[in-house]
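Here is a briefing for a first look at this model. It goes topic by topic, starting with the terms.

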Amino acid sequence: MAECEIPRENLPDPEIKKLLERARTVAVVGVSHKEDRDSHKVARYLKEHGYTMIPVNPKYKEVLGEPCYPDLKSVPAPVDIVDIFRNIEAIPGIVDEAIAVGAKAVWMQLGLCHNDAADKARQAGMQVVMNKCIKIEHSRLLASEKE
């Protein structure tokens with residue numbers, strides 16, 4: 001398995017905050033139906049915090065009561081953020097799909113970084129966050145304001 005690179009470039013906190021405030025729909029690629037998995041916990045958190053969470057995993061028909069799609073091309077709605085929970089080798093293909101469906105941002109979860117794929121996404125006009133957990137960043141940058 002490939003190791004996580006060090007991100008050459010990442011969105012600064014104010015931009016991450018804006019991205020999370022503006023986004024409404026998050027496709028969670030590689031989501032698991034197992035409650036102990038981080039991808040499941042993050043998907044639940046996103047749903048609980050008002051996002052339309054779209055599960056993407058060819059293994060399942062539904063996750064957390066939402067229809068689950070085999071890939072991004074099958075998702076019938078526009079996607080703001082593609083949140084990736086797959087191995088590093090899968091990231092370039094997922095980024096290509098995210099570009100093809102017109103997603104606004106690609107988010108590579110904690111432990112995931114692919115600089116070449118990130119560069120390609122940026123060249124296509126997307127925002128990119130790498131090696132950060134969307135749940136941690138959301139609670140750090142936004143959740144405290146609402147309490």
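Contact means heavy atoms within 4.5 Å. By that rule, and leaving aside its neighbours within four places in sequence, I134 is in contact with L20, V42, L46, I81, D83, W107 and Q109. This is a predicted model: local features need pLDDT of at least 70, side-chain atom pairs count only at pLDDT 80 or more, and totals for chains, interfaces and linings use all residues. Residues are numbered from 1 along each chain as its sequence is written, and side-chain values use heavy atoms, with hydrogens and water left out.

**Terms for elements and exposure**

- Helices (H or I, at least four residues) and strands (E, at least two) are DSSP runs, numbered from the N terminus.
- Buried means under 20% relative accessible area, exposed means over 50%, and partly exposed lies in between (1.4 Å probe, protein chains only).

**Residue I134**

- I134 is found in helix α5.
- I134 is buried, with a relative accessible area of 0%.
- The C-alpha atoms of I134 and I16 are separated by 9.4 Å, while the two residues are 118 residues apart along the chain.

**Helix α2 and its cover**

- Helix α2 spans residues 38–48, and its buried residues are S39, H40, V42, A43, Y45 and L46.
- The cover over these buried residues includes the strands β1 (25–29), β2 (52–56), β3 (62–63) and β5 (81–84).
- Helix α5 (134–141) is also part of what covers them.

**How the helices pack**

- Two packed helices are described by the angle between their axes and the distance between the axes.
- Axes are lines fitted to C-alpha atoms, for helices over the stretch in contact, and angles run from 0 to 180 degrees between N-to-C directions.
- Angles under 35 degrees count as roughly parallel, over 145 as roughly antiparallel, 65 to 115 as roughly perpendicular and the rest as oblique.
- For residue classes, Ala, Val, Leu, Ile, Met, Phe, Trp, Tyr, Cys and Pro count as nonpolar, Asp, Glu, Lys and Arg as charged, and the others, Gly among them, as polar.

*α1 with α5*

- Helix α1 (residues 13–22) packs against α5 at an angle of about 100°, with the axes 10 Å apart.
- That angle makes α1 roughly perpendicular to α5.
- On the α1 side are D13, I16, K17 and L20, which meet I134, E137, H138, R140 and L141 in α5.
- The residues of this contact of α1 with α5 divide into four nonpolar, one polar and four charged.

*α2 with α5*

- The angle between α2 and α5 is about 40°, and their axes are 9 Å apart.
- K41, V42, Y45 and L46 in α2 meet I134, K135, H138 and S139 in α5.
- By class, the contact of α2 with α5 has four nonpolar, two polar and two charged residues.

*α3 with α4*

- α3 and helix α4 (residues 115–123) pack at an angle of about 10°, with axes 9 Å apart.
- That makes α3 roughly parallel to α4.
- From α3 come I91, P92, V95, D96 and I99, and from α4 come A117, K120 and A121.
- The residues of the contact of α3 with α4 divide into six nonpolar, no polar and two charged.

**Residue A100**

- A100 is found in helix α3, which covers residues 91–100.
- A100 counts as exposed, at 62% relative accessibility.

**Residue P55**

- P55 is found in strand β2.
- P55 is buried, with a relative accessible area of 1%.
- Leaving aside its neighbours within four places in sequence, P55 is in contact with V28, V31, V63, E66, P67, C68 and Y69.
- P55 and D83 are 28 residues apart in sequence, and C-alpha to C-alpha they are 9.9 Å apart in space.

**Loops with positive phi**

- L64 lies in the loop between β3 and β4 (66–67).
- Phi of L64 is near 55°, a positive value in a residue other than glycine.
- N131 lies in the loop between β7 (127–129) and α5.
- Phi of N131 is also near 55°, a positive value in a residue other than glycine.
- N131 counts as partly exposed, at 29% relative accessibility.
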